[in-house]
Amino acid sequence: MEEFKELENLWKQSETKVPTKNIDISKIKNNRMKLKNTYIRGAILLMLTGIFILVLMSFLDSKLKTIPIISSMVIISIICFMQAILMLFTANKISKIDETQTPSFHLKQWQNFRKFQKKQRHWNMPVYYILLGSALGVYFYELLKNIDLWKMILAYVITYSWMLFAYFYLGKNEVKKQDAKLDNIISELENLENQFQ
């Protein structure tokens, strides 16, 4: 009889807490895939842009094949390829996050990814836009130096207005969307971890 009591106590002690709130694991996986796909799509678009610029360069009129124009086009292509590689590296980091681990370890992986992403954003986008803007400035100057000044100024205004719009509006909106997905993943995992404590 005492053995039965001991066994009963052992079962009671070994009971695993069952989560009281349903955590939508598919939502976590879905947000993870969306984040990863965003980086992969961006990388593909940048690679295609870099290739397009190189193809365009090969079909340039011989009068336009000056060293500054060719150099700026090559630099723009390299910038696109480098940014694409960085985006693929980031997508790979997301792929390496192991969902089969315990909630606390899984959460830790996402928190580490967030730290990486914050560091990356701090330097990546300003450097990308400064290099791209500089190379485009040289390209337009060489391409348009023989036309009316107002046309050259108009080309600069349109180009740099678009870049500022892309940096301050489109880029910030994209960052907000990515942060929302990441916040959602981390929040769900924190809830899950709290239920097992």
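Helix 5 is the main contributor to the lining of the largest pocket, giving twelve residues. In this predicted model, that pocket holds about 1,300 Å³ of space. Its lining is made up of 38 residues, and those closest to the centre of the pocket are Leu46, Gln83, Met125, Tyr128 and Tyr129. Two or more lining residues come from each of helix 2 (25-58), helix 3 (67-95), helix 4 (103-144) and helix 5 (149-195). Sorted by class, the lining of the largest pocket has 23 nonpolar residues, ten polar ones and five charged ones.

The second largest pocket has a volume of about 150 Å³. Which residues line the second largest pocket? They are Ile79, Met82, Gln83, Leu86, Trp123, Asn124, Val127, Tyr128 and Leu131. Helix 3 and helix 4 each supply at least two residues of the lining of the second largest pocket, with helix 4 giving the most, five residues. By class, this lining has seven nonpolar and two polar residues, and no charged ones.

The pockets can now be set against the fold of the chain. The protein chain has five helices and zero strands, and along the sequence its pattern reads α-α-α-α-α. The chain has 197 residues, of which 32% are buried.

Helix 3 and helix 4, which both contribute to the lining of the second largest pocket, also pack against each other. Their axes are 9 Å apart and the packing angle is about 170 degrees. Angles over 145 degrees count as roughly antiparallel, so helix 3 is roughly antiparallel to helix 4. The crossing of helix 3 with helix 4 is left-handed. The contact between these two helices has 22 nonpolar, five polar and two charged residues.

Is Ile75 buried or partly exposed? Its relative accessibility is 42%, so Ile75 counts as partly exposed; residues are called buried under 20% and exposed over 50%. Ile75 and Leu132 are 57 residues apart in sequence, yet their C-alpha atoms are 8.2 Å apart in space.

Helix 4 also packs with helix 5. Here the angle is about 175 degrees and the axes are 11 Å apart. Because of that angle, helix 4 is roughly antiparallel to helix 5. The contact of helix 4 with helix 5 includes 25 nonpolar residues, along with eight polar and six charged ones.

Within helix 4 lies Gly133. Gly133 has a relative accessibility of 9% and therefore counts as buried. Along the chain, Gly133 and Met163 are 30 residues apart, while 7.9 Å separates their C-alpha atoms.

Terms used
Residues are numbered from 1 along each chain as its sequence is written. This is a predicted model: local features need pLDDT of at least 70, side-chain atom pairs count only at pLDDT 80 or more; totals for chains, interfaces and linings use all residues. Side-chain values use heavy atoms; hydrogens and water are left out. On a 1 Å grid over the protein atoms alone, a cavity is a set of points where a 1.4 Å probe fits but cannot get out, and a pocket is an open set with protein on both sides within 12 Å along at least five of seven lines; lining residues have an atom within 4 Å of a point. Grid points are joined across faces, edges and corners, and a volume is the space filled by probe spheres set on the points. Helices (H or I, at least four residues) and strands (E, at least two) are DSSP runs, numbered from the N terminus. Ala, Val, Leu, Ile, Met, Phe, Trp, Tyr, Cys and Pro count as nonpolar, Asp, Glu, Lys and Arg as charged, and the others, Gly among them, as polar. Axes are lines fitted to C-alpha atoms, for helices over the stretch in contact, and angles run from 0 to 180 degrees between N-to-C directions. Angles under 35 degrees count as roughly parallel, over 145 as roughly antiparallel, 65 to 115 as roughly perpendicular and the rest as oblique. A crossing is left-handed if the near helix is turned anticlockwise from the far one by less than a right angle, and right-handed if clockwise. Buried means under 20% relative accessible area, exposed over 50%, partly exposed in between (1.4 Å probe, protein chains only).
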